[in-house]
Amino acid sequence: MPADSHKLWALLAGIMLVTVPFFPRIPLPVTALSLIMALWLAAMLLNKIRQPDKWQRAGLLLLAILVMSVSFGTLLGRDAGTGFLILLAFLKMLEINGKRDVYIVVYVEYFLIASNFFHTQSPWVALYVFATVIYLTSILILFNDKISTLDTRRRLMIASRMILQATPFMLVLFILFPRIPGPLWGLPKDAQAAVTGLSNSMSPGSVSSLIESEEIAFRVRFAGQIPPHSDLYWRGPVFSRYDGQTWEADNAFGKATANLIKGEKGKTIQYTVTLEPHQRNWLFALNYPVNLQDSGYRLTREVQLLSRKKINSVTRYSLTSDSGIRNHSLSGYERTKNLWLPDTDSLNQKTIALARQWRQLVGEDDRRVIDRALRYFNEQPFVYTLNPPLLGNDAMDDFLFETRRGFCEHYSSAFVYLARAAGIPARIVTGYQGGEKNPVDEYLIIRQSSAHAWAEIWIDGTGWQRVDPTAAVSPDRIESGIQDAVAERDLLPTILLGGNSILLGLRYRWDSFNYRWDEWVIGFNRERQFELFKKLGFANIDWQGMVIGMVVLLALVGTLIGLWIFWQGAGARQDRLKQAYDRLCQKLAKTGISKNNTEGPTEYFSRMRHKLTPASASKARGLIQYYLALRYGMASSPDRQRQFIKSVRRFTPHLK
Amino acid sequence: MVSSIVNRLAAPLQYPLECLRRPVERFLAKRSGPFSGVIKLNNSLVYILPTRVGMIFTILLLVLLIGSINYTISLGFMLTFLLAGLGNVAMLMTWRNMAGLKLKGTGAKPVFAGQLAKFAIQLENETNDRRYAISLPQKFMPGEVIDVPVGEQVLLHFSCRTQNRGLFNPGRIRIETEFPVGLFVAWTWVDLDMQALVYPVPADKAGAIVPISSQSGEQPSEAEGLEDFAGLRKYQTGEPWQRISWKMAARTDQLFSKKFTGGQPELEWIDWFTLGETSAENRLSIMTRMILDAQQAGRMYGLRMPAIEIKPDNGAHHRHECLQALALYKDAGHAG
């Protein structure tokens, strides 16, 4: 083997550092094969096994392809590609045969580091990237330090210094490099990680499964006061089609817009949402967003706020919502759609009967039917729970008359069902309700655990109106939040439960940092770029200006780093011993006799000693002898040098 | 298997670099010497280009950049730009690792044509940075790699195969370094005015030697021989030490050599003109062999060739003088 084994050990450590974070996420056979190859290399380095020959390597490659096809069924795509790269890196490790192979392994490792970002882009990952790049750089140094002068510590120091010097380049490029909005071409199906979040349909369990997630859906900063918890209905997907089990959106409206009318005087609220990527087109807003002309977003007929592209990176948008706006859009088709129920002749007969009974009791007034329904939820022994029992074919009958245990999706769908059965157009709205105030930085954190589903009903003359049947069952859910509403507190994310206040304070600080990280690092895009320049006073900068600025700054940074690299060696570090000796000579020159350039220390001293008092002269002689011993003797050490420098500083010659 | 694929992919990358490198070097060669004495590697003498893995590194950065744009990954941009910065720093450091060194060529010992001439370049580091892993490219043997510690002078050895007699000049020497990360190679390409004297190839022992006429030309007035002891005389530098009278040396603290007369005279002339009809190079070869033999046998020998006559003597210096005359012989336009 050409390379020494200690170098390959270092390379093995590097590949483990890079691949281990993947092991919990990739299929077991891939992990297993990777570890087998790692062990093979280790055994090889301990001289227990030979380097695999051509046939064994071909066998391993075939095995790798087999493992890939069993685990993924393909070599393409994000996850399969990552898995295959991991296997290839280990395979390459087993056939390292010179410098180029080492570089191939390191380059593959750079790609693997980047693959982590599909999964997470937290500040920790950024730290991990820096640490790993430093280590990989130290490996490159190891393979280029041909006569092995440097030990691990020195190599890591050089690598760290290089990364430190590379950081200004990185910052300039990160801020000024023109950000072209992606994607450049179609992404593979699994391009983005599976994310928790609302889906484009709703069935029992689909919302409550989110409640256990501490993950952040979005954060909101308000221009003024944060509105009360019970007003914070973050409107998301709207569902009006029901097949007996699942609610789905009605996509029949195309680009039709909603008929929004300014009603009574309402409050306007300005706020900025920083939305985590959820791979969907919808955005979340309070009722109802106005002035969207310049935002690039649009409202659907059902007043859903949509983005043209899927939200696959952190997205920041500012909205103004006006609570006085009324939604008056209901065509005949929509009325039919929003009254439709599946198989009314056979399914959920008891529910339909109940609704018709209420209608007969209260007469024409829709509002009174709604009141009856809400009172029913409130008065009957309904339980708000994360663990509802399963429902049968007659899901509504089962829920309303038998189990009576459910979560918001149960209540909202039962309510809409009842309303429709009573002849009131109704639909489901999903989204998030409430939010958690970060006391450190006065913004609102909306976690997945705030996911919610409510209902919207049509009242002639008023338009669509929000009704939240969950509030009738569990007012706490709407007034203060999920943590006070459900019995199964141990299922909730711990952060919701409060507890140790110092720890909680730290958590909020950390979240505040994450928020900024999301806004300025992860969510740094073209808009943010221009926003930043506006803040810095370059309001009218365009692309050309930005590129010119980037080139100029890069040249500047390059020059400064170059000077750093050159001056750290070019005699910047002076001979401290010589400096101290020169200082001593300067002090002695006060006698009126200064040292000639050609004079040695002893000669000079003998020439000027008669000017000094005896005590001073003997001190000076001591110092000069000390200097000679340090300079030419064997006994020099940094400690003694320091002592000499100190003594010279204290020394004052006294004249006769 | 994997490597062969990558190899094939990477091969075309190498060629544009090579195509670029040659004319660039030709252009730069104009300012590369020869320099006698110490030469400090200043800005204009240190060149730098990406290595092959450095070029692949650039492609890696492009792919990472495109991936980051396509998937809108901010940390991907960060990694890409950090690595780009690392490349920049590596370039500066590699350049720095070579710049500011002081070079001095040292002479090589004379060799016979066809042998390796062994040279050494003295590298001196007056800066406060250690210089790492500086080497000569593989075409020189043995591809030595050295570090130059702060304030020290280190010799970088290399050997060249000689071909013809005369003065051998290794020409411009490329000294290079890829430290610290091998993405760039910094090199200097200077003629340090190094020379090696190359003696002619000695002819084979058997056959080629033509009998020498020991009586031709001028004779010393007193015929010296080897057989009859004829007294002592003061030792002169260059006489074979076998003839020193050690007894007298012990007694008098001075060196005397024994004087002999009679027998076959041990004095011989190695004479260009007595070698019969053969080419000049052949003559030189034969004469080289004769010098070596005479020197080894401890005989006194002189050299006679066109425009040169070296008085008979024996000793290392004399041998060198004679061989140098042969090595530097210039055929005055005649076909030998």
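Biologist: What covers the buried residues of α6(B)?
Modeller: In this predicted model, the cover includes β9 (166–168), β12, α5 (280–297), β16 (300–305) and β17 (308–313) of chain B. The buried residues of α6(B) are H318(B), C322(B), L323(B), L326(B) and A327(B).

Biologist: How do you know what span to expect of helix α6 (residues 316–327) of chain B?
Modeller: The rule is 1.5 Å times one less than the number of residues. Helix α6(B) has 12 residues, for which 16 Å is expected, and its first and last C-alpha atoms are 16 Å apart, close to that expectation.

Biologist: Why are the buried residues of α10(A) said to be on the same side of the helix?
Modeller: The buried residues are D366(A), V369(A), I370(A), A373(A) and F377(A). They cover an arc of only 100 degrees around the axis, so they lie on the same side of α10(A). An α-helix has 3.6 residues a turn, so residues three or four places apart point the same way. The face turned away from the buried side of α10(A) carries the exposed residues R375(A) and E379(A). Among the elements that cover the buried residues of α10(A) are α9 (349–362), α12 (408–421) and β18 (451–459) of chain A.

Biologist: Why is L347(A) called partly exposed?
Modeller: Buried requires 20 or more C-beta neighbours within 10 Å, and exposed requires 12 or fewer. L347(A) has 17 inside 10 Å, and therefore counts as partly exposed. L347(A) is in the loop between α8 (332–337) and α9 of chain A. Apart from neighbours within four places in sequence, L347(A) is in contact with G244(A), P342(A) and D394(A). The C-alpha atoms of L347(A) and N393(A), 46 residues apart along the chain, are separated by 7.7 Å.

Biologist: How do you know how chain A compares with a compact globule?
Modeller: For 656 residues, the globule rule gives a radius of gyration near 26 Å, but chain A has 36 Å. The C-alpha atoms of chain A fill a box of roughly 125 × 70 × 50 Å along the principal axes. Chain A is assigned domain 1 (5–149) and domain 2 (576–650), and their C-alpha centres lie 60 Å apart.

Biologist: How many residues of chain A are in contact with chain B, and what makes up that side by class?
Modeller: In chain A, 62 residues are in contact with 44 residues of chain B. Helices that each supply at least two residues of that side of chain A include α3 (54–71), α6 (123–144) and α17 (543–567) of chain A. By class, the side of chain A that touches chain B has 40 nonpolar, 13 polar and nine charged residues.

Technical notes:
Residues numbered from 1 in each chain as written. Chains lettered and ligands numbered in written order. Predicted model: local features only at pLDDT ≥ 70, side-chain atom pairs only at ≥ 80, totals over all residues. Contact = placed C-beta atoms within 7 Å. Helix = DSSP H or I, 4+ residues; strand = E, 2+ residues; numbered from the N terminus. Nonpolar A, V, L, I, M, F, W, Y, C, P; charged D, E, K, R; others polar. Arc of directions from axis to C-beta. Domains from an automatic or database assignment. Rg over C-alpha atoms; globule rule 2.2 N^0.38 Å.
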